[in-house]
Amino acid sequence: MDLINRTSHGVWQTLDEVLEQREDICKCEQCRYDMACMALNNLRPNYFVSKHGSVYAKLVELSQQSRTDVLIEVTRAVDRVSNNPHHLD
Ligand SMILES: [Zn+2]
């Protein structure tokens, strides 16, 4: 059995999409994790139990409202972290 957080899946997916459209900012591992962490701390978790360890796309899909919330928080986190990155140059 496994606990899968739909919000977490949505945040990583959305983060990839948002970063793909941004040429101007750092996309190193530290920055990407900081962005995901910040977004997830501002969103409600949305867990379900996965019985066989396999995750079906349909099960991890977020509702339209949740996707909108995720996009807002991810965009905000990308702006904040890219303006004040924690990575070591
Ligand atoms: Zn960075």
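Met 1, Leu 3, Tyr 47 and Val 49 together make a nonpolar surface patch of about 510 Å². Such a patch is built from residues with over 30% relative accessible area and no salt bridge, with nonpolar side chains (Val, Leu, Ile, Met, Phe, Trp, Tyr) joined within 5 Å and like charges within 9 Å; a salt bridge is a side-chain nitrogen of Lys or Arg within 4 Å of a carboxyl oxygen of Asp or Glu. Accessible areas follow the Shrake-Rupley method with a 1.4 Å probe, and for residues only the protein chains shown count as cover. The model is a predicted one, in which local features need pLDDT of at least 70 and side-chain atom pairs count only at pLDDT 80 or more, while totals for chains, interfaces and linings use all residues. Residues are numbered from 1 along each chain as its sequence is written, and side-chain values use heavy atoms, leaving out hydrogens and water.

The chain has four helices and two strands, where helices (H or I, at least four residues) and strands (E, at least two) are DSSP runs numbered from the N terminus. Read from the N terminus on, the elements follow the order β-α-α-β-α-α.

H4 (residues 64-83) has 20 residues and reaches 29 Å from its first C-alpha to its last, close to the 28 Å expected at 1.5 Å a residue; the expected span is 1.5 Å times one less than the number of residues. Val 70, Glu 73, Val 74, Ala 77, Val 78 and Val 81 are buried in H4, buried being under 20% relative accessible area, exposed over 50% and partly exposed in between (1.4 Å probe, protein chains only). Viewed down the axis of H4, these buried residues fall within an arc of 145°, so they line one face of the helix; the arc is that of the directions from the helix axis to the C-beta atoms. The face of H4 turned away from the buried side carries the exposed residues Gln 64, Gln 65 and Asn 83. Helix H1 (6-20) and helix H2 (29-41) are what the buried residues of H4 pack against, with contact meaning heavy atoms within 4.5 Å.
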